[in-house]
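Hello,

Here is the structure for your files. Please open it alongside these notes.

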Amino acid sequence: MAPPLRARLAASPALAGALGVALLLLAWEVAARLLWRDPATLPAPSEAVLVALRLLTPGEIAMHVLISLGRILAGFTLAAVAGITLGVLCGRVAAVERLLRPFVEAFRPVPPLAWIPIAIVWFGLGEASKVFVIFLGAFFPIWTSAWRGAALVPQVLLDSARSMEVRGPALLFRVVLPASLPDIAVGLRVALGLSFGVLVAAELIAAERGMGRLVMQARELGQMGVAIFAIFLIGIISLLADQQLSAIIRRSVGRWRPV
Amino acid sequence: MNARHALPPLALLAALLLGWEAAAAAGWLTPIRFPPPSRLATSFRELALEGFPFGAFLSTHVVATLRRVLAGYLIAVALAVPLGLLIGASPLLDRMASPVVAFGRSIATLSLLPLALVWFGTEEAPKVFLIGFGCFWVMLSNVIAAIKLVDPVLLRAARSMDTPPRDIFLRVMLPAALPRIAAGARMALGMGFVVIVGAEMIGTSIGLGALIMEARTFYRSDITMVGMACIGAIGFALTALLGLLEARLMPWRRGRQT
């Protein structure tokens, strides 16, 4: 006889998770079809997917996804380079920290979306303004974590490196950066999640293509099914991107420190 | 920071402001893109005394924004804390909920804007909904983690002393989880401020998010910049306030980092 459901769920987190998701989707499906019965305001999940696949070709969907991912990649990469450089500098060089920290701290509480209008004034409605806003959203968490990581490099590591005549770039790349990497990794993951949230807002305001635009267009055409499909698409892609990043982090950082 | 250390950043700040002002006066910077600092000061006065759009004073915008953020935030906290405690305390529920929570956090809150408009109209409700949605998932995942990460030694010790389950929950688990829950509450508030700007961009002209968008369409980037500074200042002040509250509520944590 099969073991009782409870025991099997306890043994397999994946099975329990799948059951949780399935129950939730089923509840939504039933509520939308039997209780609400108005697909114009709340379509069932199956309806949403069917409508979206009828109205959009796979090529169109792929195009929107790729355009959005391109913007994220550009803004996030710039933020990672700038954030890690400035963060490590602030963490290791006291003079730089005293000089720059008040400025960074002053800009940090301004929400990234509040930069959208000024980004449009500075960079126009093209790609640059969206990349700039994503850059700002991702920069601050990366800067903070790199700064903390670099400031907290154990003195023992630095002393022993110095005693072995390791200095200059070698000290930076072989001691300081690897030692701050676990902290930086946390910042990178937070930043990637924020990038997606900021991207959608930037695309809602002004974009002709991209996943955020897809949501807005569905609203203008009154296609709730497509809007829900697009919302889920953005969520799933953001989740997959996060898993990809954390897998990379585990491969590179996990070797010497669990994350 | 002593006076000697405060000097370099102050000098840099003064140099930047002077350079900016001079470059604008010399015509190197277009005022629409980089309104000079003196202009920003006048705009701030204009916004505070005459309002922008006319009659909508800075205080009106601030109150509207604060009310929306706090309403959404408090609803989210009120829902997420009990739910999170329940899920965190039950390993089975936690396993079932974990993909849902991970996905909920991954949903871009502002992508729900069209749904919010269809479901809740264009008044206050859709804005409160969006803020609440954004805060909810941050809060929920933090409460669940806080309960799961309670040191099992504490629980075993309490059980070995025959503490009734109710007391274990109220007097051991809850206090032990509180610092992480508080950290989550701070993160959720930050999320509220990220979302509010987007939520106010459509269907209203009152609120700081609406203000900065409206100002752009009138080519008043000076007002946009003043509005951005105000959102930043309020976000900063509220986070500081929560920090103080935390120190009050959890005196045993004073001076420690969460």
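A:Val30 counts as partly exposed, because its relative accessibility is 39% (partly exposed lies between buried, under 20% relative accessible area, and exposed, over 50%, with a 1.4 Å probe and protein chains only). A:Val30 sits in helix 2 (residues 13–36) of chain A. Its C-alpha atom is 7.8 Å from that of A:Ala44, 14 residues apart along the chain.

A word on conventions. This is a predicted model, where local features need pLDDT of at least 70, side-chain atom pairs count only at pLDDT 80 or more, and totals for chains, interfaces and linings use all residues. Residues are numbered from 1 along each chain as its sequence is written, chains are lettered from A and ligands numbered from 1 in the order written, and side-chain values use heavy atoms, without hydrogens or water.

Now chain B. Helix 3 (residues 58–89) and helix 10 (residues 221–249) of chain B have axes that come within 12 Å and cross at roughly 45°. Helix 3 of chain B contributes B:Leu58, B:Val62, B:Leu66 and B:Tyr73, which meet B:Cys230, B:Ile234, B:Leu238 and B:Leu242 of helix 10 (contact is heavy atoms within 4.5 Å). The residues of this contact are 8 nonpolar, no polar and no charged.

Helix 6 (residues 124–148) of chain B has 25 residues, which should span 36 Å at 1.5 Å a residue; its end C-alpha atoms are 36 Å apart, in agreement. Of those 25 residues, 20 are buried, so helix 6 of chain B is largely enclosed by the rest of the structure.

Best wishes

Methods: Axes are lines fitted to C-alpha atoms, for helices over the stretch in contact, and angles run from 0 to 180 degrees between N-to-C directions. Helices (H or I, at least four residues) and strands (E, at least two) are DSSP runs, numbered from the N terminus. Ala, Val, Leu, Ile, Met, Phe, Trp, Tyr, Cys and Pro count as nonpolar, Asp, Glu, Lys and Arg as charged, and the others, Gly among them, as polar. The expected span of a helix is 1.5 Å times one less than its number of residues.
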